[in-house]
Amino acid sequence: MKPVLLYVLHSGNLYGTERMALATLDGLRDEFRPVLLAPPGPALEEARRLEITASPFRNAAELALAIRSWLASQQRIAFAATGVSHSLVFMALNLLYRRPCIHVHLVHGGTDERES
């Protein structure tokens with residue numbers, strides 16, 4: 001079975017960061033089982049349209065429960081996040097589960113090109 005690529009977004013909108021996350025999940029589905037976690041919004045709907053497993057979270061506690069569930073059910077996992085707190089939650093939980101993982105933290109730009 002393919003390892004899960006769990007991608008956590010800080011926003012559920014469909015701006016550039018979210019569209020790139022969806023393109024990444026879609027493009028890597030030959031190597032990974034794509035999963036998107038994001039706040040409620042159109043990104044989750046687009047993920048479902050692309051047949052990507054998608055789940056909402058509204059706060060850090062809900063995100064931690066979702067990440068914990070994936071860590072508990074997988075032997076290996078790849079994790080990508082756009083929020084520092086999301087990466088910290090994953091790293092803290094994986095101290096308990098000790099799953100072999102790939103962890104990528106993505107830094108996104110702002111809305112103004114000159115200030116990014």
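Helices and strands here are DSSP runs, numbered from the N terminus. That gives us labels such as β4 and α4, and the loop between them holds T82. One caution before we go on: this is a predicted model.

Let's stay with T82. Is T82 buried or exposed? Its relative accessibility is 7%. Buried means under 20%, so T82 counts as buried. Its side chain also has a partner. The side chain of T82 makes a polar contact with the side chain of H10, at 2.7 Å.

Which residues of α4 are buried? They are H86, S87, V89, F90, L93 and N94. Look down the axis of α4. The buried residues fall within an arc of 160 degrees, so they line one face of the helix. Turn to the other side of α4, and you find V84, L95 and L96 exposed.

What covers the buried residues of α4? The cover includes two strands you can find at 4-8 and 101-105, namely β1 and β5. It also includes α3, residues 60-73, and β4.

Then look just past the end of the helix. Just after α4 comes R98, with a positive phi of about 50 degrees.

Next, the aromatic rings. How many aromatic pairs are there? The count is one. The pair is F79 with F90, and it is stacked. Where do the two residues sit? F79 lies in strand β4, residues 77-81, while F90 lies in helix α4, residues 84-97. So the pair ties together parts that are eleven residues apart in sequence. Both F79 and F90 are buried.

One last stop, in another helix. T24 is in α1, which spans residues 16-27. T24 is partly exposed, with a relative accessible area of 29%, whereas T82 is buried. What does the side chain of T24 have beside it? One of its polar atoms lies 2.8 Å from the backbone oxygen of M20. And here is a distance to check on the screen. T24 and H105 are 81 residues apart along the chain, and their C-alpha atoms are separated by 14 Å.

How values were computed: Residues are numbered from 1 along each chain as its sequence is written. This is a predicted model: local features need pLDDT of at least 70, side-chain atom pairs count only at pLDDT 80 or more; totals for chains, interfaces and linings use all residues. Side-chain values use heavy atoms; hydrogens and water are left out. Rings of Phe, Tyr and Trp (its six-membered ring) pair if their centres lie within 6.5 Å; planes under 30 degrees apart count as stacked, over 60 as edge-to-face and the rest as tilted. Helices (H or I, at least four residues) and strands (E, at least two) are DSSP runs, numbered from the N terminus. Buried means under 20% relative accessible area, exposed over 50%, partly exposed in between (1.4 Å probe, protein chains only). The arc is that of the directions from the helix axis to the C-beta atoms. Contact means heavy atoms within 4.5 Å. A polar contact is a pair of N or O atoms within 3.5 Å; within protein, one must be able to donate a hydrogen and the other to accept it, and residues adjacent in sequence count only if both atoms are side-chain atoms.
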